[in-house]
Amino acid sequence: MSVTSVNIEGARERWVRTGGVELCVAELGDAARPTVLLVHGYPDSKEVWSEVAERLADRFHVVLYDVRGHGRSTAPAPLRGGFTLEKLTDDFLAVADAVSPDRPVHLVGHDWGSVQGWEFATVERTEGRIASFTSMSGPSLDHFGHWIKSRMSRPTPRRAAQLISQGAKSWYVYMLHMPVLPELAWRGPLGKRWPKMLQRLENVPLGGYPTASLPQDAAHGAWLYRDNVRARLGRPRPDAYAHVPVQLITPLDDVFLSPKLYAELEHWVPRLTRRTLPAKHWIPRTRPDQLAIWISEFVRANEDGIPAKDAVATGPHADRFGGRLVLVTGAASGIGRATAFAFAEAGARIVAVDRDAEGAARTAEMSRLIGAPEAWGEVVDVSDEQAMEKLAEKVATEYGIVDVLVNNAGIGLSGSFFDTTAEDWKKVLDVNLWGVIHGCRIFGKQMAERGQGGHIVNTASAAAYQPSRALPAYSTSKAAVLMLSECLRAELAGQGIGVSAICPGLVNTNITSTTHFAGADAAEEKRLQKKTSRLYGMRNFPPEKVASAILRAVVKNQAVVPVTPEARGAHLMSRFAPRTLRAIARLEPPL
Ligand code: NAD
């Protein structure tokens, strides 16, 4: 055994001999801790995992190896027949025995590493050697074979469409079955251009990956397809049931694999946890933070025998938001609180922010009871730039980079234009507009700099597109939020960060009892607040429905979301009947 350093920081390297090949194995972290074994895909080497491995190394014994014929591992001779799943299983067992002889390992596979992983997790001879399996972007060939068969034998229009769609995504698989040509392409122009292509098409950052062995890896790896795909898809094993708990992470924008492929997976996997994320195929490079969190939680849960709290979350979209960090401003009341709860129900970690300390703490406490694995209350005035900077620093160091930011804090201001003082204007713009600007600038910048996607939701209002003589300042602030959201959406689209503007109509919250009525004395203001509250109470549209719309907006990456029928109606009118909307704007408010 020789120990040298490889280009994964801090890794120790050793060689494992098995079945006529020598496998290059790298290890990080304390070998006494649970072992997480990362298997790479095609056309990669173990370095595809470097970012994830470094993030896991302080908690686990992390092991990576170059699959036979890849990276620094030697290739079988002859190549044909040297890459069967049976031989790859021998390799896996040899590595597992070398690095963790007494304890089963937690297996993680991407792409062909995952295809192999499914084999390891479903054949009898590995039983007792695997504690859990996290699969990403690589189906079981047996499950895939059955999936195709069931669609061929009962081709409803929907199922036939799924078959055709996946067939089109698999074009490269047919190419790789051609003799010699793929090898020539990889050793020639394709090998040279591949890193740039990955950067352009997949947003994979350059640096340390792919490694210099790429052309050789890709040429050898073509045998993974040739030795296994046709044979397995044609005659899938009937008993390919997983004997370990499986976490399936599905990137939703994978150009090679349709998420529909996994529709019937519960049939094969009795203990299945599903995760989804809006990303393309190469998530070990583009989403290492998220993967490290999900792998850690899954491994911990299976070590302790207690399911991860976010994995058992039952709320809508739990697959998408489990374990993610969500920050909501104005979270002590109304729409903000309901939104924090909805994300908590989906298993997200919550930062509940408000200028009302007690209310924020209460939201955090309730979020934990509802299903958030962690939740914190934080006090800040969103209009205070420095305080927001300080909060962002604290959140980044103590809780992590925010995955979903909801700029929701806002205040009401009613009254005619000439009754509205400059001071009134300043107050409403400071909170409703500057609060959102600060949030987007400060937290949005962290999100963009991390380079691993995210989402920003800004709470605007139907008042953003519906003029009214009663709300000139409030409406102006919300129109600005709407336009800011649209502009930012355009700017951040290329970085995988979505931006949504939510436009609620009349929602039954506290806002009516704190709205300032410009031009009214204290007693008159109290009367108007009471009257408006009664009106909103009669309308009785619950903030929970706005919260659901917010989660949906993130999942579907919607640009502008009018909530409540009147908000939707006004939105349509603003586009198709603006004159009518203007006529309505002239009416005296019913107060
Ligand atoms: P709400 O009064 O129930 O909640 C607003 C929360 O924001 C409160 O907890 C408050 O303490 C907090 N907040 C206010 N100013 C803040 C500041 N400077 N810094 C930090 N926190 C601050 O009201 P809501 O109806 O839930 O309002 C939420 C958002 O929805 C607001 O932006 C509002 O303009 C918008 N909205 C509400 C309605 C509605 O009918 N309720 C309609 C359209 C839009």
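Reader: Start with Asp403 and Arg450. Buried or exposed?
Author: Both Asp403 and Arg450 are buried. Buried means under 20% relative accessible area, exposed means over 50%, and partly exposed is in between (1.4 Å probe, protein chains only).
Reader: What do their side chains do?
Author: Asp403 and Arg450 form a salt bridge, at 3.0 Å from N to O. Asp403 sits in the loop between helix H15 (385–398) and strand S12 (404–407), and Arg450 in helix H16 (residues 422–450), so the pair ties together parts that are 47 residues apart in sequence. A salt bridge here is a side-chain nitrogen of Lys or Arg within 4 Å of a carboxyl oxygen of Asp or Glu. Helices (H or I, at least four residues) and strands (E, at least two) are DSSP runs, numbered from the N terminus.
Reader: Before we go on, what are the ground rules?
Author: This is a predicted model: local features need pLDDT of at least 70 and side-chain atom pairs pLDDT 80 or more, while totals for chains, interfaces and linings use all residues. Residues are numbered from 1 along each chain as its sequence is written, and side-chain values use heavy atoms, leaving out hydrogens and water.
Reader: OK. How many salt bridges does the structure hold?
Author: There are 31. One of them links Arg274 and Glu266, with the closest N and O atoms 2.8 Å apart. Arg274 is partly exposed at 28% relative accessibility. Glu266 is partly exposed too, at 45%.
Reader: What about Glu524 and Arg527, how far apart are they in helix H19?
Author: Three residues in helix H19 (residues 522–539), which means about one helical turn. Glu524 has a relative accessible area of 31%, so it counts as partly exposed.
Author: There is also a network: Glu86, Glu119, Asp142, Arg232, Arg237 and Asp239 are joined by salt bridges that share partners.
Reader: Switching topic. In what order do the strands of the open sheet run?
Author: S1-S2-S4-S3-S5-S6-S7-S8, eight strands with mixed pairing. Two strands pair if DSSP finds at least two bridges between them.
Reader: Which strands stand at the edges?
Author: Strand S1 (12–18) and strand S8 (272–277). Each has a single partner strand, so one side of each is left without a neighbour in the sheet. S1 pairs with strand S2 (residues 21–28) in the antiparallel sense, over seven bridges.
Reader: Which strands does helix H3 lie across?
Author: Helix H3 (residues 112–122) lies across S3, S4, S5, S6 and S7, at about 145° to S6. Axes are lines fitted to C-alpha atoms, for helices over the stretch in contact (heavy atoms within 4.5 Å). Angles run from 0 to 180 degrees between N-to-C directions.
Author: Helix H11 (residues 288–304) packs on the sheet too, touching S3, S5, S6, S7 and S8.
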